[in-house]
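User: I would like a close look at one helix in this model. Please walk me through how that part sits in the rest of the structure.
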Amino acid sequence: MADEHFGSGGREGIHDALAEITGREIETIDASRGITSADLEGAAYLLLYHTQAEASAETQTALREWVTRGKPLVLVHAALGAYPKWEDYTRWAGRVWDWNESQHPYQESVLRISTEGGKIFGWEEAWLPRDEVFIKLGERSGCRDLVSVQIPEGTFPAAWINHQHANIGVWVPGHRKDMWTLPVMREGLVRLLQAVTVK
């Protein structure tokens with residue numbers, strides 16, 4: 001479920017990357033219309049990339065059912081700014097875009113893997129070209145950190161799994177479409193999706 005995120009091309013980049021690397025049919029649902037339980041029938045996983053401010057009652061019901069059933073949910077980049085007043089969602093995210101405090105310097109960055117992240121991703125470090133790097137996110141619930149990002153401003157969380165919901169993961173990098181042509185981005189997202197697919 002995605003929006004065009006200010007013309008960044010991220011939605012299209014994610015769609016193309018997932019379709020190519022998984023070989024599965026990927027359906028993009030326009031986030032501005034919300035989502036229903038019927039939309040999710042037969043879905044293997046759900047990925048959110050949008051900043052819609054309000055979640056309709058129907059969208060809240062569909063997402064709650066999905067999370068409660070233990071189905072895999074991954075929030076990517078923009079999704080940390082979605083539904084800021086919906087407390088369930090912000091707790092699922094663990095960390096969120098604080099519309100008064102958070103920032104996104106445009107920097108080259110280095111991704112570094114935690115011990116737990118190493119078991120999921122299988123690499124230790126990776127370089128990313130200039131793109132938005134989220135800093136000063138608001139803490140809403142506990143997270144198991146997998147990846148951090150290092151830029152001149154400091155070191156910040158870049159991927160995690162919700163401490164209370166093992167079926168919810170977050171992958172922060174990925175504003176621009178061309179970022180999703182990088183193997184580390186594609187493989188990182190897919191491995192996170194696999195990690196939150198609770199057996």
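Analyst: In this predicted model, the buried residues of helix H1 are Gly10, Gly13, Ile14, Ala17 and Leu18. They share one side of H1, because they cover an arc of only 120° around the axis. The spacing fits a general rule. An α-helix has 3.6 residues a turn, so residues three or four places apart point the same way.

What lies over that side? The cover of the buried residues includes strand E1 (46-48), strand E2 (73-76) and helix H5 (183-195).

Now take the helix end to end. H1 runs over residues 10-22, which makes 13 residues. From first C-alpha to last it reaches 18 Å, close to the 18 Å expected at 1.5 Å a residue. Gly23 follows H1, and its phi is positive, near 70°.

Thr59 sits in helix H2 (residues 57-68). Thr59 counts as buried because its relative accessibility is 1%. Beyond its neighbours within four places in sequence, Thr59 contacts Gly34, Ile35 and Tyr83.

Asp88 pairs with Arg64, with the closest N and O atoms 2.8 Å apart. Asp88 lies in helix H3 (residues 87-93) and Arg64 in H2, so the pair ties together parts 24 residues apart in sequence. Shared partners join Arg64, Glu87, Asp88 and Arg91 into one network.

Methods: Residues numbered from 1 in each chain as written. Predicted model: local features only at pLDDT ≥ 70, side-chain atom pairs only at ≥ 80, totals over all residues. Heavy atoms only, no water. Helix = DSSP H or I, 4+ residues; strand = E, 2+ residues; numbered from the N terminus. Buried < 20%, exposed > 50% of the residue type's maximum accessible area, 1.4 Å probe, protein only. Contact = heavy atoms within 4.5 Å. Expected span 1.5 Å × (residues − 1). Arc of directions from axis to C-beta. Salt bridge = Lys/Arg side-chain N within 4 Å of Asp/Glu carboxyl O.
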